[in-house]
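Dear colleague,

Please find the structure below for your records.

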Amino acid sequence: MLSATDGTLWLADSTRKMFYLMTPQELALRDDEPEPQILLESGFPMFFIMIVVEAIIAGRLRPGLYRLNDAIASTLSGTFQQVAIVAMELLGVYLGMASYNYIYHNYRLFTIDASEHPYVTYICCLLGKDFGYYLYHRYLHEYHIGWSGHNVHHSGEDYNMGTALRQGVMQPLFGPPFYCWIAFFGLSPPAFSAHAQLNTLYMFWFHTELIDRLPFGLEYIFNTPMAHRMHHRPPGNCNYAGMLIIWDRMFGTYEHELVRKDLY
């Protein structure tokens, strides 16, 4: 059984991972090291902790932000997606890291030793994964076949952290082409996997109506609740970014939230 101290340390460590606050040295994983289990060990428990905290705060500040039936539907959608991913990989369908590993071990053009080049590894994995997510997410919205897998995420009428768990079973099938090209450049699978998981965790917290505009110009660099609310507000074909909103600003798909509307 965890002691209070152990629990506090886990909570502090998991919280920083939810916001991508890990150092280049921590993420400098070589190809002979095991892939980290950040989602399993920190992400999944933190999803529910943060949902409970948001629901408690919303109960005082924004009654009606959470509806039990909507929250259950979102949670079951995300759970079923994870089960489906495991089932498909057991059947030999190369999703996510399976595809990345195959290209890395058979077709990489270079080999970048993460332990010798932690900052190069960090920057390339962070930017490569995040840019890949922007392209992937935009594809899911702009092409009908992609939308067939992604529309589940936009099917809820509420906008809260529970909505982040609302994911379609078929959506992961479209992902590998947008990320696997990074393996050609010799970035180790464990290092890329760590960044991929942190990128996913970062995208959880900004599904909330409780946070308005962020200070210090952060809205110009990072994806935030303000930007992502616009993405979930119909028609929603804007602000596709994962972590960095700079991609939308660069490619003309950014839209600013001038007026708050509870319409999702």
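The side chains of arginine 260 and glutamate 209 form a salt bridge, at 3.5 Å from N to O (a side-chain nitrogen of Lys or Arg within 4 Å of a carboxyl oxygen of Asp or Glu). This pair connects distant parts of the chain, 51 residues apart: arginine 260 lies in the segment after helix H10 (246–251), and glutamate 209 in the loop between H8 and H9. Helices are DSSP runs of H or I with at least four residues, strands runs of E with at least two, numbered from the N terminus. Glutamate 209 is buried, at 7% relative accessible area, while arginine 260 is partly exposed at 31% (buried is under 20%, exposed over 50%, partly exposed in between; 1.4 Å probe, protein chains only). Shared partners join Arg62, Glu209, Asp212, Arg229, Glu257 and Arg260 into one network of salt bridges.

The model is predicted: local features need pLDDT of at least 70 and side-chain atom pairs count only at pLDDT 80 or more, whereas totals for chains, interfaces and linings use all residues. Residues are numbered from 1 along each chain as its sequence is written, and side-chain values use heavy atoms, with hydrogens and water left out. The protein's average pLDDT (the predictor's confidence in each residue, from 0 to 100) is 93.

The whole structure contains 15 salt bridges. Another of them pairs aspartate 70 with arginine 67 at 3.8 Å, N to O; aspartate 70 is buried at 7%.

Histidine 207, in the loop between helix H8 (189–205) and helix H9 (225–232), is buried at 4%. Its contacts (heavy atoms within 4.5 Å) include Glu54, His153, His228 and His232.

Yours sincerely

Terms used: Lists of a residue's contacts leave out its neighbours within four places in sequence.
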